[in-house]
Amino acid sequence: MSKKLTTSTGQPWADNQHSQTAGPRGPVLMQDYDLMEKLAHFDRERIPERVVHAKGAGAKGEFVLENDMSKYTKADLFNGVGKTTPIIIRFSQVAGEKGYPDTVRDVRGYALKFYTQEGNYDIVGNNTPVFFVNDPLKFPDFIHSQKRDPKTNRRTQEMQWDFWAHSPESIHQVTYLMGDRGLPASYREMNGYGSHTYKWVNKDGEQFWVKYHFISNQGVKNMSEAQAGKLAGENPDFLQDDLFDAIESKNYPSWNVYVQIIPYEDGLNYKWDIFDVTKVVSHKDYPLIKVGKYTLNENPTNNFTDVEEAAFSPANFVPGIEPSPDKLLQGRLFSYKDTQRYRLGVNFEDLPINKPLNEVHNYQRDGYMKSDNQGSEVNYEPNGQNGPKEDLSASVSGYSVEGTAGNQPYAHNVDYSAQAGDLYRLMSDDEKDRLINTIAGGLGQVDSMEIKTLEVNQMYAADKEYGKRVAKALNLDINEVLQLNN
Ligand code: HEM
């Protein structure tokens, strides 16, 4: 039997097809509150989309710990083989708006929320292990160059390459993006990375640097430029639909979770700056260690409440996991919850999808749309009323800092081209061909000789062949291009 229609305040709703009017021709009566209410609510249906990563798809699942990690971290979710932690994941595109086609070349977002016994732990990463910039001051400008021109409202190759050409630290990630990984065949068939270096702390207070890798059990598959272009027209929601349909038909995708563990002192003295997110740490130096596996086995029941209202934040840590000094990460620790207060409201953490499994007890109260206001519990501290007490076992462990405070760039082995060259040389001949074609297709649309010169020089510095091939594909004389840069 159908449910009875009610208003939002629960009154039985008699007629949802005809407004109350004075006679069959109208006008409509002010007393028709059901109509006013319905229009007023509809008028307010849209909330701001995410300022980046607006287009995405999410699913729920569980993480199972296969290897006890207590030697490295006291984090509850990584202690005790077999422990199962509910999760939600949201995959996304970075630059396009909420209705943008899924198969346009882009880095893909890879955001995970673990609902642990000690609160929510989020890893907000990408399908690439590095990033375009390493200073948070540069992030808004980088994103502006990826979005629309203020005058024409077009996304332009000129803007994107202009930013990259003038930001040499971007070359590693640009090589990933222009390579096959820029067009994943599905969300199921891509790997994820925490990208930053984080810190793990065990119960004895020993600290380790850690990097996360999520390796797809479906394998890694990408699509061709031609296929992506065709799909963008035929089904702009291709990646979303693939994920949903796979889970709906019980073809549950899974990923193995690995970490690279870097002893504290070794990390500080590594040949590269492990806190510079434009760089990877060699798997030979620090091999992948298997931690466990997660599986996505449940689609959202309501996309708005399960996915749109989901608020992931790199600042959501649990005891045993802490930030590193990575400057970009430090900027992110502020930005996510700040945008979520704007996008979802000050009490976004009360929303069911963001609520932790455990009870919340603190001295924060009130604000718009507060739903869990902790009843009559005391709302100030210190107090003599047995209010919630601090948990010293959750104290962050210290790390040493050095140097002079001020605006400063990275200093420790900043060479941005070397690892981009390693990535280029790892590619097969076919992959290299596609990379050169893709770059020529994009950079070839740029008029500015300055941009082309700077960019080709970055590629040449990464690998001479890489630079020469791009120059050739752009009909440029490599010797002239190299001279122009001097
Ligand atoms: C989303 C800022 C760098 C991955 C977002 C959002 C903001 C933001 C404001 C929207 C969040 C929301 O509305 O809920 C920044 C800033 C960065 C930065 C300021 C650098 C200073 C990165 C990096 C990665 C990344 C390095 C990956 C390694 C993501 C992902 C999302 C996202 C995956 C989507 C989360 C979701 O699915 O809801 N970022 N971001 N971001 N960012 Fe970043």
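## Histidine 53

Apart from neighbours within four places in sequence, histidine 53 is in contact with Ser92, Gln93, Val94 and Gly109, contact meaning that the C-beta atoms of two residues, placed from the backbone, lie within 7 Å. The model is a predicted one, in which local features need pLDDT of at least 70 and side-chain atom pairs count only at pLDDT 80 or more, while totals for chains, interfaces and linings use all residues. Numbering starts from 1 along each chain as its sequence is written.

Histidine 53 lies in the loop between helix 1 (33–43) and strand 1 (56–65), and with 22 other C-beta atoms within 10 Å it is buried (20 or more such atoms; exposed means 12 or fewer, and partly exposed in between).

## Asparagine 126

Asparagine 126 belongs to strand 4 (residues 119–126) and is also buried, having 26 C-beta neighbours inside 10 Å. Setting aside residues up to four places away in sequence, asparagine 126 touches Val107, Arg108, Gly109, Tyr110, Tyr193 and Ser195.

## The annotated site

An unreviewed UniProt entry places the feature "active site" at His53 and Asn126. These positions span 74 residues in sequence, yet no two of their C-alpha atoms are more than 10.6 Å apart, so they gather at one spot. Such annotations may be inferred rather than shown by experiment.

## Around the ligand

The ligand is surrounded by 29 residues, of which His53, Arg90, Gly109, Pro136 and Ser195 are the closest; a residue counts as near if its C-beta atom, placed from the backbone, lies within 6 Å. Two or more residues of this shell come from each of strand 2 (84–93), strand 3 (108–116), strand 4 and helix 9 (327–343), and helix 9 provides the largest share, eight residues.

Conventions. Helix = DSSP H or I, 4+ residues; strand = E, 2+ residues; numbered from the N terminus.
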